[in-house]
Amino acid sequence: MRIGELATLSGVSVRALRYYEEQGLLAPARSASGQRIFGEGDRAEVLRIRALLAAGFCSSVIRGLLPAYRDGGTERIRSAIAAARARLETERRAIDAELDALAGLERELAPDVGVRVHAGRHAAIECSEAVAPDHRDRRLR
DNA sequence: CTTCTTACA
DNA sequence: TGTAAGAA
């Protein structure tokens with residue numbers, strides 16, 4: 001099948017499929033005219049790549065993991081999962097520590113801070129300088 | 001109409 | 001990742 005069909009079947013964009021090939025995650029054959037030719041098995045392959053990506057593995061790691069999936073290298077995969085889990089748990093501890101630190105700063109403030117009366121209305125305290133453009137960032141800039 | 005590559009946002 | 005452009 002050509003790239004468009006695989007994209008429809010897998011729910012992955014044509015752009016992404018070409019990118020996966022560029023990253024060495026997929027190795028489709030080529031027709032005489034240069035078009036990528038995928039096999040039926042590539043559908044499952046793509047879904048697996050998506051699952052690995054969703055779990056946080058970068059393409060270079062996935063590249064090394066895919067062959068293990070094909071030739072039953074279960075131990076290699078298990079260790080990769082364990083490493084990823086350990087890394088995430090370390091990060092979680094750091095996040096919990098920051099959350100605790102924030103709670104401490106909040107308790108340190110006077111009881112009524114957070115809202116001040118201006119012209120009879122409630123208004124949130126301004127904090128232009130300390131606000132991160134994206135609250136998902138790990139550090140405020 | 002679909003795909004390819006290359007390049008840019 | 002999406003989209004544009006020009007060619008096949």
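Guide: Start with Gln35: an N or O atom of its side chain is 3.2 Å from a sugar or linking oxygen of DNA strand B.

Visitor: What makes that pair at Gln35 and DNA strand B a polar contact?

Guide: A polar contact is a pair of N or O atoms within 3.5 Å; within protein, one must be able to donate a hydrogen and the other to accept it, and residues adjacent in sequence count only if both atoms are side-chain atoms. The Gln35 pair lies at 3.2 Å, so it is a polar contact.

Visitor: What kind of model is this, and how are things counted and named?

Guide: This is a predicted model, where local features need pLDDT of at least 70, side-chain atom pairs count only at pLDDT 80 or more, and totals for chains, interfaces and linings use all residues. Side-chain values use heavy atoms, leaving out hydrogens and water, residues are numbered from 1 along each chain as its sequence is written, and chains are lettered from A and ligands numbered from 1 in the order written.

Visitor: Which residues surround DNA strand B?

Guide: Arg2, Ile3, Gly4, Arg18, Arg30, Gly34, Gln35 and Arg36 do. Near means that a heavy atom of the residue lies within 4 Å of the strand. Of the atoms of DNA strand B within 4 Å of the protein, 91% are sugar and phosphate.

Visitor: Which atoms of DNA strand B do Arg30 and Arg36 meet?

Guide: Phosphate oxygens. The side chain of Arg30 has a polar atom 3.2 Å from one. For Arg36, the distance from a side-chain N or O atom is 2.3 Å.

Visitor: Where does Arg15 meet DNA strand C?

Guide: At a base oxygen, 2.8 Å from a polar side-chain atom of Arg15. Ser13 reaches a phosphate oxygen of DNA strand C at 2.9 Å. Sugar or phosphate makes up 25% of the DNA strand C atoms within 4 Å of the protein, and bases the rest.

Visitor: Why is Ser59 called buried?

Guide: Buried means under 20% relative accessible area, exposed over 50%, partly exposed in between (1.4 Å probe, protein chains only). Ser59 has 18%, so it is buried.

Visitor: What is Ser59 in contact with, beyond its neighbours within four places in sequence?

Guide: Gln23 and Leu25. Contact means heavy atoms within 4.5 Å.
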